[in-house]
Amino acid sequence: MKLLTIDDGSEGTAGVQLESGDVLNLGRAARDHGLDAWVPKSVQRLLAGGAEGLDVVKRIIDRVERLDLDARQALIAAGVVHVGARLLAPVPKPALVLAAGLSYRSHNAEMSDTKAAAHPTGFLKAPSSVAAPGAALRIPRQAQNFVDFEGELACVFGRRCHNVDASEAGNYIGGYTVANDISARDWVKPVFQAKDPWEARQTWEVNLMGKQLPGFTPVGPVITTADEIPDPAALFLTTRLNSVVMQAAAISELIFNVAELISYFSRWYSFEPGDILLTGTPSGVGVGRKPPVYMHPGDTVEVEIDRIGVLRTPILEPPD
């Protein structure tokens, strides 16, 4: 199933994408008695309900999918089914967003032949950087010239996950979504020109801060639940800038697979339902090209992963 959050003008309402592409408002579709009465308003709480909770949601979906055309039209008229609903990020306010780095050898090669790390590397992203699918990104006034894209597969946790073995990591995944680790690359020249470790460290900090700006982590449009993607390595990622393919890679090209990433980072972090792990980006990013290609007002960037969907972000002028 494909979980999503409907933009209802407040904090959002949990929904699902039907086979038609229309959006079912779970709160309005659930009956007010029996197991349906459990259905919470947020995707985060749906995930926390585990397999039993998702089974309740499946029953609601099945009930709606079996309706004839007239009954479906009645649900549309009643606001239970939405055609072309505006969405928030699937989890609009995750407590923790962690991004893996240096995850693909192809990306390491384009970044001045960076040596592959002996273990996963990563960094935190500000939850305030999370943005909705389709939401326009205004180029930040303080960092206008080197705004880059990084298409990534992201996993969303469905259970509390701390210090788990790779063989068990899959049991903690609620589902998978699409993310774009947008980055202001103002750090690139200084970091490679650094003459000592301290100078390099300071420029690297600028790199990480250049990923924290508002709207710099678009996520969505949906979370495809883990039962529908038993092997994330079988997925394929494509990033397009103004319809031109910039990145194209199989998730199987990850140096450390999803389970290994989860196991490693869970040594330190305690992931909760709704927390997000970005798994890293393959080659083709703008800064790695000759000449470099950055995003500018009027552009549109799309990240697509099969079996999940297309994450689209229009780029606008800096704010006034």
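These legends describe close-up views of a predicted model.

Residues are numbered from 1 along each chain as its sequence is written, and side-chain values use heavy atoms, with hydrogens and water left out. In this predicted model, local features need pLDDT of at least 70 and side-chain atom pairs count only at pLDDT 80 or more, while totals for chains, interfaces and linings use all residues.

View A. A disulfide is a covalent bond between the sulfur atoms of two cysteines. Cys-155 is buried, at 1% relative accessibility. Cys-161 is buried too, at 0%. Buried means under 20% relative accessible area, exposed over 50%, and partly exposed in between (1.4 Å probe, protein chains only).

**View B. Thr-239 in strand β16.** The strand spans residues 236-241. Strands (E, at least two residues) and helices (H or I, at least four) are DSSP runs, numbered from the N terminus. Thr-239 has a relative accessible area of 0%, so it counts as buried. Contact means heavy atoms within 4.5 Å. Leaving aside neighbours within four places in sequence, Thr-239 is in contact with Phe-149, Gly-151, Val-244, Val-245, Met-246, Gln-247, Val-301, Glu-302 and Val-303.

**View C. The loop between β16 and β17, with Asn-242 and Ser-243.** Strand β17 covers 244-250. Asn-242 has a positive phi, near 55 degrees, and is not a glycine. Asn-242 is partly exposed, at 37% relative accessibility. Ser-243, also a residue other than glycine, has a positive phi near 75 degrees. How buried or exposed is Ser-243? Its relative accessible area is 63%, so Ser-243 is exposed.

**View D. The cis peptide bond between Gly-220 and Pro-221.** Omega is about 5 degrees for this bond. Pro-221 lies in the loop between β14 (217-218) and β15 (223-225).

**View E. The cis peptide bond from Lys-290 to Pro-291.** Omega is near 0 degrees here. Where does Pro-291 sit? Pro-291 is placed in the loop between β18 (276-278) and β19 (300-305).
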